[in-house]
Amino acid sequence: MKPQDSPGDTATHLADADREGDAGASRARLLGQVGSQLADTMVAEVAAERLTQILVPALADWCVVTLVDDDESRPGRRRLRDIAAWHREEQLRPVVQDYADARIAALTPQAFLSRAIADGQTVEVRHGARDALQAVLHPGPVHALVGQLAPESLAVLPLVRDERTIGALSLFRDAARSPLTPAELRTLREVTGAAALALDNARRFRRQRDVATTLQQALLTPPVEPDHVQIVVRYRPASEGARVGGDWYDAFVQPDGATILVIGDVAGHDLEAAAVMSQLRSMLRTIAVVTEAGPAGILEALDRAMRTLRISTMATVVVARVEQTRDEHQRGEARLRWSNAGHLPPLVVGSGGSVRTLTGRVPGTLLGLLPDKGREEYEVVLDRGSTVLLYTDGLIENRTRSLHDGLALLRAALDGARREDLDHLCDRLLTDLPAAAGEDDVALLAMRLRRDLQT
């Protein structure tokens with residue numbers, strides 16, 4: 001027969017259960033916080049910084065997050081990089097940052113961080129961590145930093161993803177605090193699993209994003225800039241994944257000296273869109289240079305070429321041509337002829353500051369839809385100091401804002417643009433206008449007729 005618990009035993013069991021329940025709730029809250037805080041960023045440094053501030057002071061007095069990167073200068077080798085550090089005491093945060101900046105160069109093969117990453121196993125020092133840490137670091141300023149921080153215990157946990165160690169989490173406790181308990185270490189191992197997933201995803205994203213941006217920039221060569229105009233271009237890729245896209249700009253000179261300006265957008269945000277964009281851009285350039293046609297003629301020839309080559313991807317484009325006769329030069333004027341194939345309308349800021357939207361009598365159809373139909377062409381006179389702006393929809397449209405509202409905001413943002421440096425203007429528009437930055441890629445081309453206009 002099982003003996004009954006005494007009232008004292010029952011109270012003890014209830015207290016233990018309460019403590020276990022509290023510990024379980026705290027553990028669940030911490031893991032939930034790690035998951036939510038790290039999941040909504042694709043920047044490894046931001047994720048690591050958030051992680052340190054979650055763990056300090058909950059499980060440590062200070063900590064450092066390390067990533068292991070492939071060393072591009074030495075194939076097959078890997079290098080360590082401390083990307084975040086935090087201390088519970090504000091006055092010691094600069095010291096911890098100095099330690100993180102210095103310790104990688106001071107590591108010996110016996111260093112706890114080196115061992116944890118090499119073996120993929122947790123390394124602990126439960127007492128006397130200050131002296132133990134100094135003993136496995138090369139002599140130098142880092143020793144004095146360890147002395148200031150004075151850790152009594154430490155634990156280094158590897159960050160493992162797909163059986164590959166991608167970094168480490170180093171946690172330190174002061175003398176006023178006991179070493180990590182087995183339960184806390186179990187919690188930390190779950191934390192490192194979530195952190196490794198988030199940091200690895202962020203690192204892969206950055207690598208893919210760098211490749212995408214490099215590819216896009218290779219496809220978008222720098223514009224030619226004649227003496228009589230200043231041309232500034234910008235391209236910003238979407239931030240959602242490795243999204244190369246179909247947005248493009250171009251500026252070049254035809255054999256007769258006229259300057260051609262182009263902005264275009266191929267549907268899609270993938271390699272196929274980028275490939276079609278590159279093809280259309282090259283075809284348009286060739287047609288413009290070989291035929292010396294105007295904007296409408298260039299688009300008509302491009303329509304026919306798309307039909308012949310069976311390019312069915314939807315695309316929009318504006319082609320504009322800056323021209324000037326001798327009489328116009330004497331008057332300080334030039335002409336802009338343009339034709340629009342379903343793209344957003346160009347904007348012109350006059351030398352007096354007025355903003356004009358360049359719309360035609362009828363909306364132009366998308367490229368390739370009606371290859372036998374002629375294109376409309378329009379003309380506007382530019383005075384010295386006028387600015388022409390060509391752009392793609394990522395600048396003004398997003399999930400919560402219509403093109404109409406976005407265009408109104410763009411026009412308002414151009415107030416005072418005539419007095420603004422052209423590079424600064426383009427940077428400001430990219431910073432201020434997209435309400436959901438990175439939702440779509442953006443191409444931007446601004447041209448200003450120089451005040452010292454010459455043929």
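Why does Arg81 count as partly exposed? At 22% relative accessibility, Arg81 falls in the partly exposed class, because that class lies between buried (under 20% relative accessible area) and exposed (over 50%), with a 1.4 Å probe and protein chains only. The model is predicted: local features need pLDDT of at least 70, side-chain atom pairs count only at pLDDT 80 or more, and totals for chains, interfaces and linings use all residues. Residues are numbered from 1 along each chain as its sequence is written, and side-chain values use heavy atoms, with hydrogens and water left out.

**Terms for the sheets and helices**

- Helices (H or I, at least four residues) and strands (E, at least two) are DSSP runs, numbered from the N terminus.
- Two strands pair if DSSP finds at least two bridges between them.
- Axes are lines fitted to C-alpha atoms, for helices over the stretch in contact, and angles run from 0 to 180 degrees between N-to-C directions; contact means heavy atoms within 4.5 Å.

**Sheet with β6 and β12 at its edges**

- Five strands form an open sheet in the order β6-β15-β14-β11-β12, and their pairing is antiparallel.
- β6 (229-236) and β12 (355-357) are the edge strands, each pairing on one side only.
- On average, neighbouring strands of this sheet are turned by 15° against each other, direction ignored.
- Three bridges in the antiparallel sense pair β11 (residues 347-349) with β12; Val348 has Arg356 in β12 as its bridge partner.
- Helix α12 (residues 422-432) lies across β6, β14 (387-391) and β15 (442-449), at about 25° to β6.

- Strands β10 (residues 333-341) and β13 run antiparallel and are joined by six bridges; Glu333 stands opposite Asp383 in β13.

**Aromatic pairs**

- Rings of Phe, Tyr and Trp (its six-membered ring) pair if their centres lie within 6.5 Å; planes under 30 degrees apart count as stacked, over 60 as edge-to-face and the rest as tilted.
- The whole structure holds four aromatic pairs.
- One of them is the edge-to-face pair of Trp62 and Tyr99, with 5.6 Å centre to centre and 90° between the planes.
- Trp62 sits in strand β1 (residues 62-70) and Tyr99 in helix α3 (residues 93-106), so that pair links distant parts of the chain, 37 residues apart.
- Tyr99 also pairs edge-to-face with Phe172, at 6.3 Å centre to centre and 90° between the planes.
- Because Tyr99 lies in helix α3 and Phe172 in strand β5 (residues 164-173), this pair ties together parts that are 73 residues apart in sequence.
- Trp62, Tyr99 and Phe172 make up one aromatic cluster.
- Trp62 and Tyr99 are both buried; Tyr99 has 1% relative accessibility, and Phe172, at 2%, is buried as well.

**Salt bridges**

- A salt bridge is a side-chain nitrogen of Lys or Arg within 4 Å of a carboxyl oxygen of Asp or Glu, and by this rule the count comes to 26.
- Arg81 and Glu45 meet through their side chains in a salt bridge of 3.0 Å, N to O.
- Arg81 is in strand β2 (residues 78-87) and Glu45 in helix α2 (residues 44-55), distant parts of the chain 36 residues apart; Glu45 is partly exposed at 23% relative accessibility.
- Asp250 and Arg285 form a salt bridge whose closest N and O atoms are 2.6 Å apart.
- This pair links strand β7 (residues 246-253), which holds Asp250, to helix α8 (residues 271-291), which holds Arg285, 35 residues apart.
- Asp250 is buried at 2% relative accessibility, whereas Arg285 is partly exposed at 26%.
- Arg331 forms a salt bridge with Glu333, the closest N and O atoms lying 3.1 Å apart; Arg331 is exposed at 52%, and Glu333 is partly exposed at 23%.
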